Amino acid sequence: MLEAQLQSLAASARQRILASATPEQLQAVRVEVLGRKGALAQISKDMANVPPQDRARIGKLLNAAKTELEAALESRENEFAAQALHARLDSEWLDVTLPATGPRPGALHPITRIQQELEELFLSMGVAVLDGPEVESEYNNFDALNIPPDHPARDMQDTFWLTDGCCLRTHTSPVQVRGMAKLGPPLRMIAPGRVFRNEEVDPSHEHTFYQLEGMMVDRNISIAHMLYFMKTLLRRIFGCEVTVRLRPGYFPFVEPGFELDIQCLICGGSGCPVCKHGGWVELMPCGLVHPNVLRMGGIDPEQWSGFAFGLGLTRLVMMRYGIDDIRLLQSGDLRFLRQF
Amino acid sequence: MKFSYNWIRELVTGLETPPPDLMRLLTLKTCECESLEPVGAHFAQVVAARVLQVEPIGGSQNRKAVVDAGPLGRRIVVCGAPNCRPGLVTAYVPPGTVLLGQRIERRVIDGVESDGMLASGAELGMNRDHEGIVESAPAGCLPDFLIDVENKSLTHRPDLWGHHGMAREVAAITGNKLIEPANPSRIPQQQAPVSVSIQDFRLCPRYSALVFHNATVQPSPLWLQYRLQSIGLNPINNIVDVTNYVMAELGQPMHAFDQDKLSGATIFIRAAGEGERITALNGESYHLTPAALVIADSSGPIALAGVIGGLDSAIGELTTRIVLESACFHAASIRRTSSRLKLRTDASMRFEKSQDPMNTVRGLARALELLEIVSPGIRLVGGLADVAAPPQPSHAIELPLDWLIRKLGRPIDAAEVLRILESLEFGVCSRQPGLFSVSVPSWRATKDISIKDDLVEEVGRMVGYDTITPLAPVVPAAPPPDNPRRRFHHAVRRITAAQGYDEVYNYSFVSEQLARRFGFHPSAHVAVANPVSSEQGLLRVSLIPGIARNIEENSRHFDSFRIFEIGFEIHKRQDTLPDEIPHLVAAIYHRGQDAGPLFEGKRLAECLMPGCELSPAEPRLFEHPSRAAQVHWRGTPLGRLFEFHPSFVESRAVALDVDLELMQRLSPAEKRYQPILRFPASAFDLSVIAPQRALAGVLQQQIASLAGPRLHQISFLRLYEGPPLPDGAKSVSFRITLAAHDRTLSSEEVSAVRDAIIEGMRLLGYDIRI
Ligand SMILES: [Zn+2]
């Protein structure tokens, strides 16, 4: 009798659990069937009337029905939870093509970028990075570099003279003098920085631009060593093997002095507007350090020798990014600067 | 400077190297050749012609001429030149010739078919004469090429300022023989009709002169005019043209005086007297000082030595007696005079390169020969006037072969070195194997070559730098010396950019006007003595004016932005180089009148200087008077954070300006780890009622000092003004966190601290809301 009742109750509860359409309906089933005053609790009370010989069996049936219904309830609840989660996530749809938020990192100036790249390259080659002031003494800018007063080489450089007799450095070469005094031989150094020439500004001329000076002093430094160093440097700068040539160039602080040309990277040497149809692009002056310069730097030229070079950073930046107007670099114009 | 290929060929026996190849070889071994330009291509067609007959054409200025064009036969041309007359020998240009970029065609002019044309000197590119057709046959004029050499690459080579010097290089490169065009033995050993007096041999190491009589001043032969015109020297008359020709050939500037216009028979080379004047050939009158060297006769200056001749003693049409000067002057002195008078001439350009004193007589000898050609009947009178400083003893340069090889970085044998140096006319002897004793030719000895390093270049360039194989130098694998300042600046750049600031570069210059506008007194600046424009008058003592300009210009294109610059403030110092102080200036701009981005700027300051503090500061001219603060870090003031005064930047803009040298010095060298709390902390909130302009930072400090040693953290929560608070009051709320490292604090301990704070703040006059 009780057994039949139990079976019928379990069957109907199973039915209602499966049929429940909302978590609330399911909760009602739980209360009615499994609650403290629910149907199963009633049956469990009625157990007292069951003949003792049946009690164990019916008790077992009762427990089995309870376990089964609880599992069914839980499973149905999980279904509802899963549905609810799915519905919520679905409602949280975002248009991923909308713009990003949060601060946009600023752009470093293109000269900073190239300069840092070169500094890292030189540091990796064991070369020190030195600084020098923008305002230099006439002695450091000229005399100590073997350019005495009234030397025609002073014409090559239109100098901004200051009222106190100093000048704005016309090249980064004075850092050679400072570097020799600071480091002593042997030494390997570069000095990137701002230099000044007193001239009218137009798309290809600036009174303010950037150079990178380099110098190595050691025992028995030769032109062959300089060539190796330059080729290694240029391979990294341009990211490919470059063909170079040396030709005589006159700079009072080196002897012999060279202009280093690279074979035009645009046309490969066959001639184009960039190389003025010559196949070669003049890239940097260089040479073996003049013994007078070593001497003025406190280094004995009989014991030591070296090479030096000057790289036009501004020019390199313009080549690298295809910038055709030098004035943009110091314009402060964000429409230009944000491209880097 | 332009070099004529034909001229070089005249000076190098059997030179067959085509012009483009020659240009490339010279570029690789001698100097920078910039371009190659063909000239006078029409001379392949132009021929001499005799005018046979001239007839007027009715109603026209032009006339019909019949000419005998030699191999081209008889031709009829229409000619407008007034000097076209029967019997004249001139230049005939046949149809099909290209002249000044235009093709000459057979065409009908004024009803007459003109079969080509008769040409003027200007049309033929020989001179600037447009007045009529040329008055002689274009004999000796040939198509030529001009090699344009970058003057800078000749700075150290006085010998290359003439064709003969370049020809010497060519001969050395190609192995051909160099021709010497001057023959000094033709000058007779006789007494000179003028004497020379040199005041200071340092300023004038040599002065040589010849006197000629019976000269005829007239136009030079066309070939000579053409040659000068091609390289950019204007033909003037035969006498002057010869001096220019010799200068262009031998690099020796010369000058011709009209002897009849000179007083006395002595030429003085002396310092100008104070206030002396000279009217130069260019028509300008110059006031002189004793710093200028002059050539003078007994009555006064007749030329500015080495720069320009005087007008009063110049060769004129009627001149028949000539004093021809060929001298050598001190380079620096000429350079100073020419730059002070702003007068750079072909002569001064050469003298300032240190000319060879041995060249003066060579120049005269060459001129003698040429004058005889261009002024038939001219007669040399007497011998050479020549006064020179005692010759400097020339010392030979010792050149060890092994040293040379080490410098070049490639092996080379003694014979090769010998061949190269001798091809450049160095004297070489080798008393012991492996050691050369090299004597330098006079034209290379004035400045160019004095030490063995100079000879490395001579051997290197001639053997070819392309024959040197790159070789890795052997160096110790050691890290280079550190540059902490530069590393620090790069770190600041990285942090600032990461906060959304774009980097700008501004000039180191500021105009006086801009400096004044920002309240910086011009006299506080280092000033430029020779600015191109007033924009470059002063060196900046602050990066702010530049940044303000960037804000203004960018605000035309953007509603809001952040920018920064790292650069040097340049401050005057007594008797030493100026102080260059690196600064960071970072700015934020927002269009509109909202609260303003001051606290965004403060965030950057905290990123760079964790724990930095601001205090209200006396505003400067360009700062918002209620929004200007000093930035302190670790107890040191090192910058400003402020909003721009609205009269400097419209809308809201904020700038942070920090001294990077101080910031670097204050930056902690290293960080130490603090143990994480192992026991729970206790927190409570307090609101302080304070006057509206009380500083929250001060309130926080007061609370912190009242809280005692258990204070773990105190943080600002919120600020409130308005009801129910009375006007002029505000409520500032803080969260106070207490903790201990060894235990959990009891509620009694926490309450005690809390009560102490409340009590203390009330004693300080603040009301506390819990
Ligand atoms: Zn190219």
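Is Asp502(B) buried or exposed? I looked this up first, and at 0% relative accessibility Asp502(B) counts as buried. My cut-offs: buried means under 20% relative accessible area, exposed over 50%, and partly exposed in between, with a 1.4 Å probe and protein chains only.

**Ground rules**

I noted that this is a predicted model, in which local features need pLDDT of at least 70, side-chain atom pairs count only at pLDDT 80 or more, and totals for chains, interfaces and linings use all residues. Residues are numbered from 1 along each chain as its sequence is written, chains are lettered from A and ligands numbered from 1 in the order in which they are written, and side-chain values use heavy atoms, with hydrogens and water left out.

**Salt bridges**

I searched the whole structure and got 64 salt bridges over all chains. The criterion is a side-chain nitrogen of Lys or Arg within 4 Å of a carboxyl oxygen of Asp or Glu.

Back to Asp502(B): its partner is Arg338(A), with 2.8 Å between the closest N and O atoms. Arg338(A) lies in the segment after helix 11 (334–337) of chain A and Asp502(B) in strand 29 (residues 502–503) of chain B, so this pair joins two chains. Helices (H or I, at least four residues) and strands (E, at least two) are DSSP runs, numbered from the N terminus. Arg338(A) counts as partly exposed, at 28% relative accessibility.

Next I checked Glu512(B) and Arg516(B), whose side chains form a salt bridge at 3.1 Å, N to O. Both residues lie in helix 14 (residues 512–517) of chain B, four residues apart, about one turn of the helix. Glu512(B) is partly exposed at 40% relative accessibility, and Arg516(B) is partly exposed at 49%.

I also looked at Glu552(B) and Arg556(B), which meet in a salt bridge at 3.6 Å, N to O. Here Glu552(B) is partly exposed at 47% relative accessibility, whereas Arg556(B) is exposed at 58%.

**Zinc site**

Which residues hold the zinc ion? I found the SG atoms of Cys264(A), Cys267(A), Cys272(A) and Cys275(A) as its protein donors, lying 2.2 to 2.3 Å from the ion. Donors are N, O and S atoms within 2.8 Å of the metal (3.2 Å for Na, K and Ca); water is not among the atoms, so sites may look incomplete.

Along the chain the donors follow the spacing C-x2-C-x4-C-x2-C. The angles between the four donor atoms run from 103 to 113 degrees, which makes the arrangement tetrahedral; that label asks for four donors with all angles between 85 and 135 degrees. Cys264(A) and Cys272(A) are buried.

**Strands in chain A**

I then followed strand 8 (residues 280–289) of chain A, where seven of the ten residues are buried. Strand 8 pairs with strand 7 (residues 254–263) of chain A in the antiparallel sense over eight bridges; two strands pair if DSSP finds at least two bridges between them. Val254(A) sits opposite Val289(A) of strand 8. Strand 8 also pairs with strand 9 (residues 305–312) of chain A, again antiparallel, over three bridges. There, Leu288(A) has Phe307(A) as its bridge partner.

**A sheet in chain B**

In chain B I traced an open, antiparallel sheet of five strands in the order 6-5-4-7-12. Its edge strands are strand 6 (74–79) and strand 12 (117–118), each pairing on one side only. Strand 12 is joined to strand 7 (residues 89–93) by two bridges, and Tyr92(B) has Leu118(B) as its bridge partner.

**Val39(B)**

I picked out Val39(B) in strand 3 (residues 33–39) of chain B. Val39(B) is buried, with a relative accessible area of 15%. Leaving out residues up to four places away in sequence, Val39(B) touches Pro143(B), Asp144(B), Leu146(B), Tyr226(B) and Ser230(B), where contact means heavy atoms within 4.5 Å.

**Domains**

Last entry: chain A is divided into domain 1 (2–91) and domain 2 (110–337), with bounds from an automatic or database domain assignment. The C-alpha centres of these two domains are 89 Å apart. In chain B, the C-alpha centres of domain 2 and domain 6 lie 109 Å apart.

Terms used:
Tetrahedral: all angles 85-135°; square planar, octahedral: opposite > 155°, others 65-115°.
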